[in-house]
Amino acid sequence: MKIHEYQAKEILKKFGVAVPRGRVAFTPEEAVEVAKEIGGDLWVIKAQIHAGGRGKAGGIKLAKSYDEVYQHAKNMLGSKLVTYQTGPEGKIVKKVLVEQGLKIQKELYVGITLDRATSRNVVMVSSEGGVEIEQVAAESPEKILKEYVDPKVGFMPYQARRLAFGLGLEGEAFKNAVKFLLALYKAYDETDASLAEINPLVLTTDGEVLALDAKMNFDDNALFRHPEIAQLRDIDEEDPLEVEASKYNLNYIRLNGNVGCMVNGAGLAMATMDLIKLAGGEPANFLDVGGGAKTETVEQGFRIILSDPNVKAILINIFGGIVRCDRVALGVVEAAKKVGVNVPVVIRLEGTNAEEGAKILKESGLNFIVANGFKDAAEKVVKVLKDLGIS
């Protein structure tokens, strides 16, 4: 689950992570009130959406007067912000974060996530703050310093000191950075976060180390332990189809292609998308209906896939291990009749009672295309689109 920057900073403050003074505002008038609370003569107005690249898209503005605070907030609120992460459809700005302006001496980077190759959390820092970490990794990988965390002992002070030293910090700035890193890891660990990223982490002219930006994602499977964090979910920032899918415990991610995918098992779903690409097609979604693949699940899967107007054909790829293929076939037939599927459907069933399942599909009276293997299924769904004049 993703949350907004202002929400992440509220969480981080509770763990002693240094952040600029500021508060969220929902109207231009409230933005001015926040600026007055903060004081000073320089403020930053930041659009709050679940996407990076806000600054380049005009979603971050400096204000040197209350009039400018008002005007920037007015221009942002209700506007559509298009960044490299939102896609051309953009996102509507419904709130802004008003923060104190800082005198920045240096911009740095710090991120914490799970390294699946080592099965350990990794704390990463870089002197290249304010730049996408993927770009730094590609162009200057030596500028990314890493410390892997032993789960038995946690993130140790000597590791934080080593990272701060590697950033070239000295004196009070060094001490503040060590304190910051230890507090940030504590926040990441105790909230069951899957990502904590501060980009940029700034060193001010007076030696303070603060999170100028903050991004936190959380493990959905651990949210039952953190109801206060679960309440921070902003459904307006999520794809409506993904929200609908979550109501039925379907793992759905919308993509940009035209081949709808319905698969049981995350690994098989990813492999299915790969095969579609190799066959010359473009998957329209990732949809894992789970091991059960019951009639209701399949029905809702059909509804969600067909709600995407870009879908011109559907590929159902089921491996019958826990669930029998004949039961899946019955569920597909029943669901297709209820939903009224109006696009070609290619089905590949493999595993327990696969032959019985294929027979049910062929005798259903519905215009299913039954495939005889994984590769055959991908090729057939791409071919049917080509036959329709769709590429």
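The legends below describe several close-up views of a predicted model.

**View 1**
On the side of domain 1, the residues R233, I235 and E238 supply 100% of the area buried against domain 3.

Q100 has its place in strand β6, which covers residues 96-100. With a relative accessible area of 14%, Q100 falls under the 20% limit and therefore counts as buried. When residues up to four places away in sequence are not counted, Q100 touches P20, R21, I38, L42, W43 and V44. For R21, the backbone nitrogen lies 2.7 Å from a polar atom of the side chain of Q100.

**View 1. The salt bridge between K46 and E99.**
K46 and E99 form a salt bridge in which the closest N and O atoms are 4.0 Å apart. This pair links distant parts of the chain, since K46 is in strand β2 (residues 43-47) and E99 is in strand β6, 53 residues apart. Both partners are enclosed: K46 is buried, with a relative accessible area of 5%, and E99 is buried as well, with a relative accessible area of 2%. The two residues also take part in a network of salt bridges that links E5, K9, K46, R54, E99 and D213, while a search of the whole structure finds 29 salt bridges.

**View 2. The salt bridge between K95 and D234.**
The side chains of K95 and D234 meet in a salt bridge, with 3.1 Å from N to O. K95 lies in the loop between β5 (91-92) and β6, whereas D234 lies in the loop between α7 (227-230) and α8 (240-247), so the pair ties together parts that are 139 residues apart in sequence. K95 is buried at a relative accessible area of 9%, and D234 is buried at 13%.

**View 3. The salt bridge between E190 and K186 in helix α6.**
E190 forms a salt bridge with K186, and the closest N and O atoms of the pair are 2.6 Å apart. Because E190 and K186 are four residues apart in helix α6 (residues 171-190), they are separated by about one helical turn. An α-helix has 3.6 residues a turn, so residues three or four places apart point the same way. E190 is partly exposed at 40% relative accessibility, and K186 is partly exposed with a relative accessible area of 41%.

**View 4. Helix α1 and the glycine that follows.**
Helix α1 covers residues 5-14, and seven of its 10 residues are buried, so this helix is largely enclosed by the rest of the structure. The buried residues of α1 are E5, Y6, Q7, A8, K9, I11 and L12; among them, E5 and K9 belong to the network of salt bridges that also links K46, R54, E99 and D213. Just after α1, G16 takes a positive phi of about 85°.

A cis peptide bond, with omega of about 10°, joins N199 and P200, and P200 has its place in strand β10 (residues 193-204). S119 has a positive phi of about 60° although it is not a glycine; this residue is found in the loop between β7 (104-115) and β8 (120-126) and counts as exposed at 58% relative accessibility. N353, which is not a glycine either, has a positive phi of about 60°. N353 lies in the loop between β17 (345-351) and α12 (354-362) and is partly exposed, with a relative accessible area of 26%.

Conventions:
Residues are numbered from 1 along each chain as its sequence is written. This is a predicted model: local features need pLDDT of at least 70, side-chain atom pairs count only at pLDDT 80 or more; totals for chains, interfaces and linings use all residues. Side-chain values use heavy atoms; hydrogens and water are left out. Buried area is the accessible area (1.4 Å probe) that two parts lose on being put together, summed over both. Helices (H or I, at least four residues) and strands (E, at least two) are DSSP runs, numbered from the N terminus. Buried means under 20% relative accessible area, exposed over 50%, partly exposed in between (1.4 Å probe, protein chains only). A polar contact is a pair of N or O atoms within 3.5 Å; within protein, one must be able to donate a hydrogen and the other to accept it, and residues adjacent in sequence count only if both atoms are side-chain atoms. Contact means heavy atoms within 4.5 Å.
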